[in-house]
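These exercises are to be worked with the sequence and the 3D view open. Each task is followed by a solution in steps.

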Amino acid sequence: MEQNHSSQLTETTTPVVNSFNEWDTLEEVIVGRLDGAVIPPWHITVKATMPQRYWDLFRTFGGQLFPPEQIKAGEKELEELAHILESEGVKVRRPDAANYTRPYSTPDWESPSGLYGAMPRDVMIVVGDKLIEAPMPWRSRFFEINAYRSLIKEYFHQGAQWIPAPKPQLTDELYNYQYQEAGKDEEFNSLLTEFEPVFDAAEFARCGRDIFVQQSQVTNRFGIEWMRRILGDEYRIHELKFKDQSAMHIDATFVPMAPGKLLIHPEKADKLPEMFNSWDVRKAPEFSIPDDHPLYMSSKGVGMNLLSIDEQRVIVEKQDEPMIKMLKDWGFTPIPCNFRNFNTFGGSFHCATLDVRRKGTLQSYF
């Protein structure tokens with residue numbers, strides 16, 4: 001009887017939400033869902049971030065469902081990812097289904113639709129036992145967090161800290177409607193003003209006490225400062241600068257893989273802080289995907305959007321042989337998973353997941 005009581009006590013005192021970096025052993029994860037995915041409605045935020053060859057698609061069909069065969073193919077790969085994670089001993093959770101085709105409005109603006117529930121990494125970030133909701137600047141993503149609320153409330157009742165960022169107004173004052181993309185080597189030109197704090201959670205990469213972020217077309221300095229104050233002196237937030245005028249999410253440019261190992265985009269991340277001088281920094285190979293494969297909402301940099309299960313095991317796109325070879329040569333154990341059809345929707349393994357719990361404690365790696 002005493003032994004059982006001790007076992008129960010250990011289980012109840014283990015934080016249900018606990019993640020400080022990108023590589024500790026993964027125990028529980030949220031995997032997104034693609035059903036009901038909607039083509040993003042045209043807006044300045046889409047113009048500044050999405051590939052120009054698809055602008056006409058967004059202008060013409062924004063607010064309508066993506067082709068059903070593409071959704072079905074991507075959803076099948078999400079199921080494969082979930083099964084692989086479960087076979088590796090990871091508990092998998094999924095968001096609720098939602099109707100993203102419904103129009104909605106606030107007193108200040110209207111949106112013809114939502115987007116999808118495919119990318120939990122965008123809407124939330126876990127730092128220790130804190131689950132922080134992101135104030136995303138796309139109007140079509142205003143209510144996206146709702147698909148995760150039942151999970152969030154469950155985690156809160158089990159002891160997690162639930163911290164929603166200030167709900168943004170997303171009025172016209174937030175956007176520079178005269179925005180024009182600057183040249184590749186020019187100073188970053190953001191479509192966002194500093195009217196209110198906004199950010200996508202995928203803009204932050206965690207390395208224990210040190211957290212790295214970039215100002216982007218979805219994250220302003222106001223949002224970065226809000227995170228800095230919320231996390232307090234226990235963490236150090238470092239703002240990085242990359243060559244990317246359409247910057248949106250750091251995890252396709254700068255990916256900490258394990259202590260002392262960093263994967264970077266070969267063109268965008270040309271300068272890193274001196275604190276990485278002692279790290280093994282490697283450039284990602286070009287994503288092995290046909291040029292005619294539709295990538296509506298990303299570039300080929302999405303190929304480095306990897307998910308680490310621990311310091312050795314890494315989930316990688318099954319057909320991306322150059323990445324698989326590089327990871328093996330680097331001392332990792334790649335776990336292949338079909339994900340090419342999911343890539344069509346603007347992300348890969350890191351985007352499509354949120355690590356709720358990893359087995360580890362807060363440490364400094366620098």
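**Exercise 1. Is Arg-206 buried or exposed?**

Solution. The model is predicted, and every value below is computed from it.

Step 1. Find the residue: Arg-206 is in strand S8, which covers residues 204-207.

Step 2. Apply the cut-off: a residue is buried under 20% relative accessible area and exposed over 50%. Arg-206 has 2% relative accessibility, so it counts as buried.

Step 3. List what surrounds the residue. Beyond four places in sequence, Arg-206 touches residues including Ser-19, Phe-20, Asn-21, Glu-22 and Trp-23. Arg-121, Ile-125, Val-126 and Val-127 are also among its contacts, as are Ile-211 and Asp-355.

Step 4. Look for a polar partner. The side chains of Arg-206 and Ser-19 make a polar contact at 2.9 Å.

Step 5. Ala-118 is 88 residues from Arg-206 in sequence, and their C-alpha atoms are 21 Å apart.

**Exercise 2. Which backbone oxygen does the side chain of Arg-139 reach? Describe both residues.**

Solution. 

Step 1. With 12% relative accessibility, Arg-139 counts as buried.

Step 2. Follow the side chain. That of Arg-139 comes to 2.8 Å from the backbone oxygen of Leu-170.

Step 3. Contacts of Arg-139 outside four places in sequence include His-43, Tyr-104, Trp-109 and Ser-111. Thr-171, Asp-172, Tyr-175 and Tyr-177 are also among them.

Step 4. Turn to the partner. Leu-170 lies in the loop between strand S7 (161-164) and S8. Its relative accessible area is 0%, so Leu-170 is buried.

Step 5. Inspect the backbone of Leu-170: phi is positive, about 55°, although the residue is not a glycine.

**Exercise 3. Where is His-249 found, and what is its phi?**

Solution. 

Step 1. His-249 belongs to the loop between strand S10 (236-240) and strand S11 (254-258).

Step 2. Phi of His-249 is near 85°, which is positive in a residue other than glycine.

Step 3. His-249 has 8% relative accessibility and therefore counts as buried.

**Exercise 4. Which backbone nitrogen does the side chain of Asn-305 reach?**

Solution. 

Step 1. Locate Asn-305 in the loop between strand S13 (280-283) and strand S14 (307-308). Asn-305 is buried, at a relative accessible area of 1%.

Step 2. List the contacts outside four places in sequence: Asp-251, Ala-252, Gly-347, Ser-348, Phe-349, His-350 and Cys-351.

Step 3. The side chain of Asn-305 is 2.9 Å from the backbone nitrogen of Cys-351.

Step 4. Take Thr-25 for comparison. Thr-25 is 280 residues from Asn-305 along the chain, with 18 Å between the C-alpha atoms. Thr-25 does, however, contact Arg-313, a buried residue at 18% relative accessibility in strand S15 (residues 313-317).

**Exercise 5. How many aromatic pairs are there, and why is the pair Phe-276 and Trp-279 called edge-to-face?**

Solution. 

Step 1. Rings pair if their centres lie within 6.5 Å, and planes over 60 degrees apart count as edge-to-face. The count by this rule is 24 aromatic pairs.

Step 2. The ring centres of Phe-276 and Trp-279 are 5.2 Å apart and the planes are at 80°, so this pair is edge-to-face.

Step 3. Phe-276 is buried at 3% relative accessible area, and Trp-279 counts as buried at 9%.

Step 4. Look at charges over rings. Lys-167 lies over the face of Phe-142, 4.3 Å from the ring centre. Lys-261 is placed over the face of Phe-332, at 4.6 Å.

**Exercise 6. What radius of gyration does the protein chain have, against that of a compact globule?**

Solution. 

Step 1. A compact globule of 366 residues would have a radius of gyration near 21 Å; the chain has 20 Å, so the two agree.

Step 2. Along the principal axes, the C-alpha atoms fill a box of roughly 65 × 45 × 45 Å.

Step 3. Of the 366 residues, 57% count as buried. The accessible surface is about 15800 Å², with 48% belonging to carbon and sulfur atoms.

Step 4. The secondary structure comprises nine helices and 17 strands. Of contacts between residues at least 6 apart in sequence, 74% join residues at least 24 apart.

Terms used: Residues numbered from 1 in each chain as written. Predicted model: local features only at pLDDT ≥ 70, side-chain atom pairs only at ≥ 80, totals over all residues. Heavy atoms only, no water. Phe/Tyr/Trp six-rings, centres within 6.5 Å; stacked < 30°, edge-to-face > 60°. Buried < 20%, exposed > 50% of the residue type's maximum accessible area, 1.4 Å probe, protein only. Lys NZ or Arg CZ within 6 Å of the ring centre and 35° of its normal. Helix = DSSP H or I, 4+ residues; strand = E, 2+ residues; numbered from the N terminus. Contact = heavy atoms within 4.5 Å. Polar contact = N/O pair within 3.5 Å; in protein donor to acceptor, adjacent residues only side chain to side chain. Rg over C-alpha atoms; globule rule 2.2 N^0.38 Å. Areas by Shrake-Rupley, 256 points an atom, 1.4 Å probe, with all protein chains shown as cover.
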